[in-house]
Amino acid sequence: SPSPTFSEQSFKTRIFIGITSLLPTPSLTIIIVRTKMSDSKPHSAVPSGENGSDAPNPRDKKKGGIISKIRRRLTVQGDSETIDGGALSELKGLKRPTEQTEDHHLHLRCAVTEYSGVSKKGHAPYNPRKKNQDALIMADDPATNTLILCVLDGHGEHGDGVSAQFRDQLAMEMMSHPCWATDIKKASADAIAKVEHQVIRNFRIDTEFSGTTLSMAIIRGNKLIGVNIGDSRVILGLEKDGKLVAEEFTHDHKPDSPGEKERILAAGGRVFAVEYDDGIDGPPRVWLGHMDVPGLAMSRSLGDAVAHTAGVISDPEFTEKELDESSDRVIVVATDGLWEFVDNDETIDLLFPTPGPAEAVDCLVKEANARWMQEEQVIDDTTIIVAHLFDYKASD
């Protein structure tokens with residue numbers, strides 16, 4: 001009920017209804033907003049600019065609050081102290097280590113000979129109960145000589161629950177799919193969709209404003225397949241003239257990317273960045289057509305039921321190539337805890353002097369964390385996997 005200091009006539013109620021078709025039975029998302037009538041103006045139904053053009057629309061602006069400003073570069077926007085996780089701190093059955101580290105020498109008949117990965121919790125000064133919302137998957141299937149390297153970047157209050165369930169279930173769902181041995185893309189897409197449906201049905205995890213990215217490298221023999229949803233990324237290090245150079249293998253799904261933005265606008269959503277008083281704006285974000293939520297900084301994600309009513313989708317994008325033994329040396333799979341301040345070329349330059357994947361991962365995590373502290377007042381969760389190909393540096 002409204003505060004007794006205001007009359008009932010000084011408020012208006014708006015109800016927004018979205019249909020989420022991620023379940024076998026479509027579900028409704030209902031958002032009820034009460035706003036004070038004074039100083040308010042009716043919103044236009046036009047999603048962007050006049051008559052749907054890309055011209056700036058005065059209402060496509062938002063001033064960030066204090067917490068919002070501190071975390072302006074992070075995936076979801078808002079001033080909630082638990083927006084980076086913590087809501088599931090008492091939840092049983094889902095393991096969320098502060099740091100997850102694994103090192104492996106691979107004995108499969110595939111291009112990868114050694115790999116290492118780490119998932120490290122970030123730092124949010126406004127949330128002492130913050131959880132590590134990232135997760136990683138490193139799984140091998142000897143029956144098909146296949147290696148799965150995957151990172152997940154959870155976001156929202158329940159993002160750690162979303163990424164944890166994918167971490168615990170996805171690889172097994174992929175390997176048990178009837179098409180796994182013959183059609184990696186179909187097996188992967190079906191397994192991702194199945195786990196997403198299971199997450200949405202999990203009453204312990206609220207996915208209305210929480211979700212995760214997914215970026216995965218699947219290596220079978222000498223073939224590399226990239227699977228991407230969101231803004232985590234897979235890159236390659238290629239040897240040329242005695243040096244390593246970077247090659248982007250998967251491509252980020254950003255709200256202002258061609259094709260992605262058009263789909264969001266067509267669904268009635270909006271795309272714009274939050275403005276801050278110091279003149280440094282955050283990244284373009286996805287918003288509902290008539291309401292400044294959810295502020296998601298990507299155009300594809302898993303979960304995020306409300307964002308999906310504004311044109312965000314969970315369809316994976318696939319890339320593939322045949323690895324070249326004469327030039328391909330390194331695979332890096334990482335969340336945007338690395339990519340926000342360390343670009344592809346710098347990543348390869350930083351790992352080049354390191355003797356092995358474990359040392360490369362440690363070097364990249366330290367550099368990424370240092371740059372977050374230098375640029376912002378928070379450190380994003382950071383998950384990085386490095387894999388060496390074709391016995392690269394095996395004799396060092």
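Predicted model: local features only at pLDDT ≥ 70, side-chain atom pairs only at ≥ 80, totals over all residues.

Residues are numbered from 1 along each chain as its sequence is written, and side-chain values use heavy atoms, with hydrogens and water left out. Helices (H or I, at least four residues) and strands (E, at least two) are DSSP runs, numbered from the N terminus.

**Helix packing**

- Two packed helices are described by the angle between their axes and the distance between the axes. Here the axes are lines fitted to C-alpha atoms over the stretch in contact, and angles run from 0 to 180 degrees between N-to-C directions.
- Helix H2 (residues 159-175) packs on H3 at about 140°, and their axes are 9 Å apart. That angle makes H2 oblique to H3 (under 35 degrees counts as roughly parallel, over 145 as roughly antiparallel, 65 to 115 as roughly perpendicular, and the rest as oblique).
- On the H2 side, the contact (heavy atoms within 4.5 Å) involves Val162, Gln165, Phe166, Gln169, Leu170, Glu173 and Met174. H3 brings in residues including Ala187, Ala191, Ile192, Val195 and Val199.
- Helix H7 (residues 344-351) and helix H8 (residues 357-375) pack at about 130°, with 9 Å between their axes. That makes H7 oblique to H8 as well.
- From H7, Glu346, Thr347, Leu350 and Leu351 make the contact, and they meet Ala360, Cys363, Leu364, Glu367 and Arg371 of H8.

**His177, between H2 and H3**

- You'll find His177 in the loop between H2 and H3.
- His177 is buried, because its relative accessible area is 15% (buried means under 20%, exposed over 50%, partly exposed in between, with a 1.4 Å probe and protein chains only).
- The His177 side chain reaches the backbone nitrogen of Cys179 at 2.9 Å. That's a polar contact: a pair of N or O atoms within 3.5 Å, where within protein one must be able to donate a hydrogen and the other to accept it, and residues adjacent in sequence count only if both atoms are side-chain atoms.
- Setting aside neighbours within four places in sequence, His177 touches Lys186, Ala187 and Asp190.
- His177 and Asp190 are 13 residues apart along the chain, with their C-alpha atoms separated by 8.2 Å.

- Ser210 sits in the loop between helix H3 (184-201) and strand S7 (211-212).
- With a relative accessible area of 2%, Ser210 is buried.
- A polar atom of the Ser210 side chain lies 2.9 Å from the backbone nitrogen of His158.
- Beyond four places in sequence, the contacts of Ser210 include His155, Gly156, Val162, Leu302 and Asp304.

- Strand S13 (residues 285-288) and strand S14 (residues 291-296) run antiparallel, joined by three bridges (strands pair if DSSP finds at least two bridges between them).
- S13 and S14 form a hairpin, and two residues lie between them.
- Leu288 stands opposite Met291 in S14.
- Over in strand S16 (residues 317-322) is Thr319, which counts as buried at 17% relative accessibility.
- A polar atom of the Thr319 side chain lies 3.2 Å from the backbone oxygen of Phe249.
- Not counting residues up to four places away in sequence, Thr319 touches Leu224, Ile225, Gly226, Phe249 and Thr250.
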